[in-house]
Amino acid sequence: MPHVVLKLGADISTDVIYPGRHMATVLPTETPQFAFSDMTEFNAKLKAKQIPPGSVIVADKNFGCGSSREQAVSTLKGHELIIVAKSFARIFLQNSVNLGLRLVEVPDIEANEGDELNIGHDFVLNKTTGKTFKITPLPKSRQAIIDAGGLIAYTRIRLVEQPT
């Protein structure tokens with residue numbers, strides 16, 4: 001069961017997620033080392049692999065606002081984090097779909113660091129508090145791309161499945 005490893009407020013910009021000074025590093029295999037690099041304690045835990053894949057970051061509204069940098073998504077995807085937020089910035093959302101980052105929009109989410117979450121299809125259950133919150137689902141086409149692992153993986157699957 002996923003645990004909340006970080007709770008953030010509203011309007012978390014891509015510069016907080018992946019600071020601009022690291023923009024020379026663009027390979028998805030290299031970007032994860034810079035996830036939240038200005039939050040040194042959390043970044044150190046990520047780099048030391050003390051945060052297991054499937055862990056959750058919970059945020060308020062407008063997560064991923066700011067620039068359109070794709071690295072803000074690849075840095076999170078590289079750690080296999082799940083982002084649960086009240087809402088996502090439009091470009092960050094599309095970059096997340098394209099790269100296959102697991103996003104869950106929950107407008108009324110209430111969770112704190114350490115809380116255990118059960119993320120279902122239509123709801124998130126905070127097992128720590130016993131409260132249930134409704135998920136705003138992505139369109140099926142976008143969710144299919146995320147489930148495939150991103151746009152490239154989705155396209156490969158579709159090309160292989162097409163009859164010749």
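Two strands count as paired if DSSP finds at least two bridges between them. Helices (H or I, at least four residues) and strands (E, at least two) are DSSP runs, numbered from the N terminus. The model described here is predicted, so local features need pLDDT of at least 70 and side-chain atom pairs count only at pLDDT 80 or more, while totals for chains, interfaces and linings use all residues. Residues are numbered from 1 along each chain as its sequence is written, and side-chain values use heavy atoms, with hydrogens and water left out.

By the pairing rule, strand 6 (residues 123-126) and strand 7 run antiparallel and are joined by four bridges.

Parallel pairing is found elsewhere in the chain. Strand 1 (residues 4-7) pairs with strand 2 in the parallel sense over three bridges, and the bridge partner of Lys7 in strand 2 is Val58. Strand 2 also pairs with strand 3 in the parallel sense, over four bridges. Here Ile57 has Ile83 as its bridge partner in strand 3, and Val56 stands opposite Ile82 in strand 3.

Which residues of strand 2 are buried on each side? Buried means under 20% relative accessible area, exposed over 50%, and partly exposed in between (1.4 Å probe, protein chains only). Strand 2 has Val56 and Val58 buried on one side and Ile57 and Ala59 buried on the other, which leaves both faces covered. Strand 3 is likewise covered on both faces, with Ile82 and Val84 buried on one side and Ile83 and Ala85 on the other.

Nonpolar cores come next. A nonpolar core is a set of buried Ala, Val, Leu, Ile, Met, Phe, Trp, Tyr and Cys residues joined through side-chain atoms within 4.5 Å. The largest has 31 residues, and those with the most contacts inside it are Phe36, Ile57, Phe63, Leu76, Ile83 and Phe92. At least two residues of this core come from each of helix 2 (40-47), strand 2 (56-59), helix 3 (71-77), strand 3 (82-85), helix 4 (90-99) and helix 5 (140-148). A second, separate core of 14 residues includes Ile109, Leu117, Phe133 and Ile135.

Contact means heavy atoms within 4.5 Å. Not counting residues up to four places away in sequence, Ile83 touches Ile57, Phe63, Leu76, Phe88, Leu101, Arg102, Leu103 and Val104.

In helix 4, the buried residues are Phe92, Leu93, Asn95, Ser96 and Val97. They pack against helix 1 (14-17), helix 3, strand 4 (103-105), helix 5 and helix 6 (151-161). Gly100 follows helix 4 and has a positive phi, near 80°. Thr14 lies in helix 1 and counts as buried because its relative accessibility is 2%. Leaving out residues up to four places away in sequence, Thr14 touches Pro19, Gly64, Cys65, Gly66, Ser67, Arg69, Ala72 and Phe92.

Rings of Phe, Tyr and Trp (its six-membered ring) pair if their centres lie within 6.5 Å; planes under 30 degrees apart count as stacked, over 60 as edge-to-face and the rest as tilted. By this rule the count comes to five aromatic pairs. Tyr18 and Phe34 form an edge-to-face pair, 6.2 Å centre to centre with 80° between the planes. Both Tyr18 and Phe34 are buried. Phe88 and Phe92 are stacked, at 6.4 Å centre to centre and 10° between the planes, and both are buried. Ring pairs link Phe63, Phe88 and Phe92 into a cluster.

Ser55 is placed in the loop between helix 2 and strand 2. Ser55 counts as buried because its relative accessible area is 4%. Apart from neighbours within four places in sequence, Ser55 is in contact with His3, Val5, Glu80, Leu81 and Ile82.
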